[in-house]
Amino acid sequence: MIGDAPRLAELFRGARTPVVFTGAGVSTESGIPDFRSPGGIWDRFDPNEFTYANFIGSLEGRRKYWELGRVTYPVIRAARPNAAHVALAELHRRGRLDCCITQNIDNLHQAAGLPPEKVIELHGNATRARCLACGAAYTRDEVHVWLEAGDGVPACPACGGIVKPATVLFGEAMPAREMAEAERRARQADLFVVVGSSLVVYPAAYIPVHAKHAGATLVIVNLAPTPLDERADLVIRGQAGHVMGAVVAGMERCS
Ligand code: NAD
């Protein structure tokens, strides 16, 4: 309920190390569908086909992946930060955000003005790609041009190796540095706010549990119920943009 936004504003004002944890729901208001809401990506595609093993293991797996990527990347590229991204950047500007741990790959927190070093990306970033053989870095825009030119399975122009987006695919190992840093920041947080995540994708969904165990006040802002709701100190059912916008406005009224 938006009515609880003033309470969350109070929590942000009183916190020393507030950490926010975001999922796909923080970006739906920017026009990027999430995975699990009705009409989300998994209503249209079978997640079992887009695994790391399939991508690495076969030309056909990569062809299917890039077929999907050719459709989804332009949506991500065209998206602009919404009121929730802007509110989080504003919280940081006011010294009220230690960092943002995100499961998202859309780069919208950075686009809203959060410094890149304050965004811990658990699942990578869709705007970059890399050759798995020689390590050459490419922008996803470059790869998109190759796809649009009819190259169904882009190979590295330098060495012919497999080009992979800088995102974590299903079944792929999590980035060790980011996971360790996210766990460390979660354990240090005195306020931990989840925004727009179903909290069913592991191991990322353990991070709020670490924060709660270490003593943080846990707040969940999400449209649908999550498995952690009953352990949260405050649950706000509402649109991320409305709620987080109201939180920043509430802090203005208090200051
Ligand atoms: P999810 O799809 O499992 O859950 C999204 C949650 O957000 C749902 O519970 C839904 O009720 C809620 N939600 C949707 N719109 C909302 C809004 N406007 N305000 C508040 N809540 C809203 O997403 P997840 O938990 O992030 O996990 C799935 C995986 O999806 C993540 O690993 C992420 O990498 C990936 N993903 C990312 C993007 C992106 O980068 N924008 C998009 C789709 C999927």
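A residue is called buried when its relative accessible area is under 20%, exposed when that area is over 50%, and partly exposed in between, with a 1.4 Å probe and only the protein chains considered. Helices (H or I, at least four residues) and strands (E, at least two) are DSSP runs, numbered from the N terminus. The model discussed here is predicted, so local features need a pLDDT of at least 70 and side-chain atom pairs count only at pLDDT 80 or more, while totals for chains, interfaces and linings use all residues. Residues are numbered from 1 along each chain as its sequence is written, and side-chain values use heavy atoms, with hydrogens and water left out.

With these terms in hand, we can turn to helix α9, which spans residues 206–213 and whose buried residues are Ile 207, Pro 208, Val 209, His 210 and Ala 211. What covers these buried residues, where contact means heavy atoms within 4.5 Å, includes the strands β1 (18–22), β2 (99–102), β7 (191–195) and β8 (217–221) as well as helix α8 (176–188). Just after α9, Gly 215 adopts a positive phi of about 110°.

Another helix, α10 (residues 240–254), contains Met 251. Met 251 is buried, with a relative accessible area of 4%, and, if residues up to four places away in sequence are not counted, Met 251 touches Ala 9, Phe 12, Arg 13, Leu 91, Arg 94 and Arg 96. The C-alpha atom of Met 251 is separated by 39 Å from that of Ala 173, a residue 78 places apart from Met 251 along the chain.

On the scale of the whole protein, the domain assignment, whose bounds come from an automatic or database source, gives domain 1 (1–32 + 81–123 + 174–255) and domain 2 (41–78 + 124–167). The C-alpha centres of domain 1 and domain 2 lie 29 Å apart, and the contact between them takes ten residues from domain 1 and nine residues from domain 2.

Finally, we come to the ligand, which is surrounded by 28 residues, the closest being Arg 36, Gln 103, Asp 106, His 123 and Ser 198; a residue counts as near when one of its heavy atoms lies within 4 Å. An N or O atom in the side chain of His 123 is 2.5 Å from an oxygen atom of the ligand, whereas for Ile 105 a backbone N or O atom lies 2.8 Å from a ligand oxygen atom.

Definitions and conventions. Polar contact = N/O pair within 3.5 Å; in protein donor to acceptor, adjacent residues only side chain to side chain.
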